[in-house]
Amino acid sequence: MRLLTRAHLRAASTPRAKRAADFDRAVAEFFMRIALEEAAKGLGRTSPNPAVGAVLVKGGRIIARGYHKKAGTAHAEVVALEAAGPRARGADLYTTLEPCDHYGRTGPCSQAIIDAGVRRVICGSSDPNPKVNGKGVARLKKAGVEVLTGVLQKDADQLNQPFFKVMTTGLPYVTLKAAVTLDGKLATATGDSRWVTGEAARHWVHQLRDKVDVILVGANTVRRDNPQLTTRLPGGGGKDPVRVVVDSHLRLKSTHTVFTQRSPARVILATLEDPQGAKARRFTRLGVEVWQMPSRQGQVALKALLGRVAQEGFNHVLVEGGAEIYGSFLRERLADSLALFLAPKLIGSQGLSWSGDLGVKLMANAFSLKDLTFQQLGEDLLLQARL
């Protein structure tokens, strides 16, 4: 639990002209961290919108808070304003993202803030959406609302990397997740892979699935592991992401668990085959969607598939195998981050390598990882990095 010191409280309630600039920043960062915690509650549920949190502060105390729960529902700022009611007048509003300034399924948050009489708005990230992109801040300033931007911007930007990527490139953010032995093997030579990692690592994966929009796997993974690709958290909580299976020639059987299990989440087959043909009908009669995609070297073109995923309103794709899929995403430079579990086990040279053929002939051309972090989960080590 974070404690707000008396000094922080005095700084938050003292007129701006009498405060030290560094003290202002400390107060702003304290409340922005709480807004970021609110925003994180919406991860995996707001696409195509960003995850946003907001906190209303008056006299150094939080009077209301809110987060965006789902596209089409009230934005975080409006949730907080409605919770505060008349108390919002003269308050400071901390929001993780620049307030929107356009009419969509809801009205502009910037106008709602002005109408509520908020005296000051403190923002984390700027919104790259061309419908916003500075317009929200401009409207607030024009109405006489004081605006402070860039507070904990790095943290706020990181929270919404998937949304930002879609807004700037038209493609979703892609995370590769793999569990391997210390010698880099996904499975034994016979294809056995249960289990590479322990329970703590698998629990972390289910928490990640709860926060992404889509899980993508190749046909070989479905054939070998027969996975559910669902989110299984204690107490039955969590949200199942959309499942996308890449099967270029529809050679999978329709009896695999991912196609037959009950789940509210969509199941999509990406293929080169005719979605109206006999092969496809085996799946469509089960409620599976069949997307016919362009070809790249005789296989589903992954970049085109990602573009279709973004058009469907999904921001974050989690790729969970197998080696051919991992290799294709890496070779085509389509992956943004890596979550690699290293288990304290050895299989040997006959095991199945996780990354596939990357075509690297010289060490100078090896794929580089940046911003590495390490975390121990049970006996396993989780390496996270940016590609």
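**View 1. The salt bridge between Asp336 and Lys165 in the predicted model.** Asp336 is buried, its relative accessible area being 16%. Its partner is Lys165, and the closest N and O atoms of the pair are 2.8 Å apart. Because Asp336 belongs to the loop between α13 and β15 (337-343) whereas Lys165 belongs to helix α7 (residues 161-169), the contact ties together parts that are 171 residues apart in sequence. Lys165 also counts as buried, at 15% relative accessibility. In total, 19 salt bridges are present in the structure.

**View 2. The salt bridge between Glu312 and Arg266.** The closest N and O atoms of Glu312 and Arg266 lie 2.9 Å apart. Glu312 is located in the loop between α12 (302-311) and β14, and Arg266 in the loop between α10 (257-260) and β10 (267-271), so parts 46 residues apart in sequence are tied together. Glu312 is partly exposed, with a relative accessible area of 31%; Arg266, at 27%, likewise counts as partly exposed.

**View 3. The hairpin of β17 and β18.** The two strands pair in the antiparallel sense over 6 bridges, with 2 residues between them. In the turn, Gly378 has a positive phi of about 65°. Across the pair, Lys370 stands opposite Arg386, and Gln376 stands opposite Leu381. A salt bridge links Asp371 to Arg386, with the closest N and O atoms 2.9 Å apart. Asp371 lies in β17 and Arg386 in β18, so this bridge ties together parts 15 residues apart in sequence. Asp371 counts as exposed at 54% relative accessibility, whereas Arg386 counts as partly exposed at 36%.

**View 4. A nonpolar surface patch that includes Leu381.** Leu369, Leu372, Phe374, Leu381 and Leu387 make a patch of about 390 Å². Leu381 is situated in strand β18 (residues 380-386) and is partly exposed, with a relative accessible area of 30%.

Methods:
Residues are numbered from 1 along each chain as its sequence is written. This is a predicted model: local features need pLDDT of at least 70, side-chain atom pairs count only at pLDDT 80 or more; totals for chains, interfaces and linings use all residues. Side-chain values use heavy atoms; hydrogens and water are left out. Patches are made of residues with over 30% relative accessible area and no salt bridge: like charges are joined within 9 Å, nonpolar side chains (Val, Leu, Ile, Met, Phe, Trp, Tyr) within 5 Å. Accessible areas come from the Shrake-Rupley method with a 1.4 Å probe; for residues, only the protein chains shown count as cover. A salt bridge is a side-chain nitrogen of Lys or Arg within 4 Å of a carboxyl oxygen of Asp or Glu. Helices (H or I, at least four residues) and strands (E, at least two) are DSSP runs, numbered from the N terminus. Buried means under 20% relative accessible area, exposed over 50%, partly exposed in between (1.4 Å probe, protein chains only). Two strands pair if DSSP finds at least two bridges between them.
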